[in-house]
Amino acid sequence: MQDDRFAVLAEKFLEGMLTPEEQKELAEFLNKDPSLRQELAELKDIGEVMKVIKLKSPDEEAMERFWSVVYNRIERAVGMILLSLGAILLLAYGVYMLISDFLRDPSVPIVVRLGVVGVVLGLIVLLVSVVKERLAILKVDRYSKEVDK
Amino acid sequence: MTEREAIIAVQMGDKSAFRVLVEAYKEKAYHLALFYLQNEADALDVAQEAFIKVYKYIRKLDPNRPFYPYLCSVVRNLAMDHLNRQARMDCVPLEVDIPVDDERYHRAIMVWEAMEKLDDTAREILFLRYFQGLSYEEMACVLNIPKGTVMSRLFYAKRKIKKLIEGGEKEDAG
């Protein structure tokens, strides 16, 4: 516990963020163990040296294409949503037309008609279930939660 | 256009304003992803994916808060997911640029080499502080730990570097 307190104070000292009270507290640690003074000086130097080190710039071509890749992927996602909505509407209309004609046809046995209704209802239940699951996942998506931090 | 103005513009439907944020942080996001993944192609992919995720939830973002810590969290999470899914391939460690004419050139090389030998926790805290420029508060948010823990981890990490350098110097002398 004492070690951690010293570590916090020392880190604040290295970054020049100590309050007057904390300075006194740190001085007490340093008085108890004078070798810590030398250590702090060396760690300050390491911190300064770290600031000299720069990361090598990434591949220029990849960085130039970066925005267009992000933009295209965002746009593609919007396109996919529109495409899916359109497909669902057309499919629903097609199924409705097919079934309404089919169910009205007196030559089709009642068992077959009931079977078709069952299949269609089943598909609807499955579709609703998948949509519900997707929405539930969206609610607990960790990336959306990061925003609330 | 400022970061805040760009966020508000995107929230109001201006997709092109998102470019301001992408251009401002793409390199940092890529470096962070590369730090975790050590693979250039994967890092690029994860950095781009992170921006797409951020775009998806941008309506919920507070424009008055700094943007990068949020992006940083997303890059980190995506990189972790990626590491869990895939075995590391073609490891390419991060490369650094140290001005040769700088009087601390040799010292800087020693510090960087020592940093590469650190455990993941110590390396990560130093990387976020010195190579991503995050504040203590921002690091606490990204790593989900208290601010005091951030400070003590930073101190211990630098202490480890010092010991590694001393160990190296002793080896050279011996």
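Reply: Helix α3 of chain A and helix α6 of chain B cross in a right-handed sense. A crossing is right-handed if the near helix is turned clockwise from the far one by less than a right angle, and left-handed if it is turned anticlockwise. Helices (DSSP runs of H or I, at least four residues) and strands (runs of E, at least two) are numbered from the N terminus. The model is predicted, so to speak of local features a pLDDT of at least 70 is needed, side-chain atom pairs count only at pLDDT 80 or more, and totals for chains, interfaces and linings use all residues. Residues are numbered from 1 along each chain as its sequence is written, chains are lettered from A and ligands numbered from 1 in the order in which they are written, and side-chain values use heavy atoms, with hydrogens and water left out.

In chain A, α3 spans residues 35-52, and its axis comes within 10 Å of that of α6(B), at a crossing angle of roughly 65°. Axes are lines fitted to C-alpha atoms, for helices over the stretch in contact, and angles run from 0 to 180 degrees between N-to-C directions. From α3(A), the residues that make the contact are G47(A), M50(A) and K51(A); from α6(B), they are L126(B), Y130(B) and F131(B). Contact means heavy atoms within 4.5 Å. Sorted by class, this contact has 4 nonpolar, 1 polar and 1 charged residues. Ala, Val, Leu, Ile, Met, Phe, Trp, Tyr, Cys and Pro count as nonpolar, Asp, Glu, Lys and Arg as charged, and the others, Gly among them, as polar.

F131(B) counts as buried because its relative accessibility is 10%. Buried means under 20% relative accessible area, exposed over 50%, and partly exposed in between (1.4 Å probe, protein chains only).

Rings of Phe, Tyr and Trp (its six-membered ring) pair if their centres lie within 6.5 Å; planes under 30 degrees apart count as stacked, over 60 as edge-to-face and the rest as tilted. By this rule there are 14 aromatic pairs over all chains. One of them joins F131(B) to W112(B), edge-to-face, with 5.5 Å from centre to centre and 75° between the planes. W112(B) belongs to α5(B) (residues 105-117) and F131(B) to α6(B) (residues 120-131), so this pair ties together parts 19 residues apart in sequence. W112(B), at 9% relative accessibility, counts as buried.

Another crossing between the chains involves α4(A) (residues 60-104) and α2(B) (residues 18-37), whose axes come within 10 Å and cross at roughly 120°. The two helices are therefore oblique to each other. In these terms, angles under 35 degrees count as roughly parallel, over 145 as roughly antiparallel, 65 to 115 as roughly perpendicular and the rest as oblique. The crossing of α4(A) and α2(B) is right-handed. On the α4(A) side the contact residues are M63(A), E64(A), F66(A), W67(A), V70(A) and I74(A), and on the α2(B) side F18(B), R19(B), V22(B), E23(B), K26(B), E27(B) and Y30(B). This contact has 8 nonpolar, no polar and 5 charged residues.

K26(B) sits in α2(B) and counts as buried, since its relative accessibility is 10%. Apart from neighbours within four places in sequence, K26(B) touches M63(A), E64(A), F66(A) and F51(B). Ring pairs join F66(A), W67(A), Y71(A), F18(B), F51(B) and Y55(B) in a cluster.

Q38(B) is in the loop between α2 and α3 of chain B. Its phi is near 55°, a positive value in a residue other than glycine, and at 14% relative accessibility Q38(B) counts as buried. N144(B), in the loop between α7 and α8 (147-173) of chain B, likewise has a positive phi, near 60°. N144(B) is exposed, with a relative accessible area of 61%.

As for chain A as a whole, it has 6 helices and 1 strand, arranged along the sequence as α-α-α-β-α-α-α. Of its 149 residues, 27% count as buried.
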